[in-house]
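Please look over the model shown here before reading on. The numbered points below are meant to be read beside it.

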Amino acid sequence: MVKKHQEQNDSVLEPNDLHCRFVMFELMLVWTFFHELGHDVQRHFRLWADPHRANGADAFLEFDEGRRGDDLAERENSQPAAPDLRGQARELMADAEALDLTLKYLLATGRLKFPRVYLLLCSISCMLQRFYLNYSDDLTITPHRHPHPAVREEVSQSFVTNSILDFLAATKQTSGRDAAAIVVTYMSVRASLFTGLFRSHRVERRDDPSRIPSYMRLQTEAHASDMNRYIDALMPHIEEQMSEVLQGHLLPDNRLNDWLQLLRARMVAAGGH
Ligand SMILES: [Zn+2]
């Protein structure tokens, strides 16, 4: 494909740009597929408040939030529904499954290397910032089906970076987690920074250079307590549903328990549970 592309003299894309775009597109598709599969292998249908609801599958409305259209305008004008915290907790759990399976996909295809993981972090960030279009620019609990995208990104980035540290330690590719943590953290911060600036430039069209772009502002220290408050509000619903999910999970080698321990440790550090 790259060869064919190079033969076209009018292309403005360098081969590396093309590779990068292709890999990001692939990772977005893979992550999305595994997120939906996550709902199934975790058997979320057993946790629905109303198991007979007509639009039962969590998947069907997955991408509605990222779209601007008449339906959405209508929805915005109507009374906001009470947040479904159990449902939002399940979305975070499906995100965890998606990340675990995407990393295993990269490992199985011999591509679990820093450049791919960096592009995975960028892909997740780009997708979630796309969903942010219809969310508020603060971290109050949203009435939407999914948690605020900045919360999803925070939890996702932390799980990916920790999974990579586990992998490096298990395969003896690092002298210690602390040494590797610097590199992995750099990669994660860089992904957030670059995708945030990209969005600011392309989507928000920010014209005041003295202000931090709105999505990036939610990721700063100034919003750390709001972020922890949001996750803290979801924690009881994650804990409550997790025991049933772990019992009935269709993939025995899932890493949901590691994900849960990470969240718990975070909340302890933040002075929560
Ligand atoms: Zn979902």
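1. A residue counts as buried if 20 or more other C-beta atoms lie within 10 Å of its own, as exposed if 12 or fewer do, and as partly exposed in between, with C-beta atoms placed from the backbone. By this rule, buried residues make up 30% of the 273 residues in the chain.

2. This is a predicted model, in which local features need pLDDT of at least 70 and side-chain atom pairs count only at pLDDT 80 or more, while totals for chains, interfaces and linings use all residues. Residues are numbered from 1 along each chain as its sequence is written.

3. The chain has 10 helices and 0 strands, where helices (H or I, at least four residues) and strands (E, at least two) are DSSP runs numbered from the N terminus.

4. In helix 7 (residues 177-204), the buried residues are Val-184, Met-187, Ala-191, Ser-192, Thr-195, Gly-196 and Arg-199, and they pack against helix 5 (114-131), helix 6 (149-170) and helix 8 (214-218). Just after helix 7, Arg-205 takes a positive phi of about 50°.

5. Helix 9 (residues 224-248) and helix 10 (residues 256-269) pack at an angle of about 155°, with their axes 11 Å apart; axes here are lines fitted to C-alpha atoms, for helices over the stretch in contact, and angles run from 0 to 180 degrees between N-to-C directions. Helix 9 and helix 10 are therefore roughly antiparallel to each other, a term for angles over 145 degrees, whereas those under 35 count as roughly parallel, 65 to 115 as roughly perpendicular and the rest as oblique.

How values were computed
Two residues are in contact if their C-beta atoms, placed from the backbone, lie within 7 Å.
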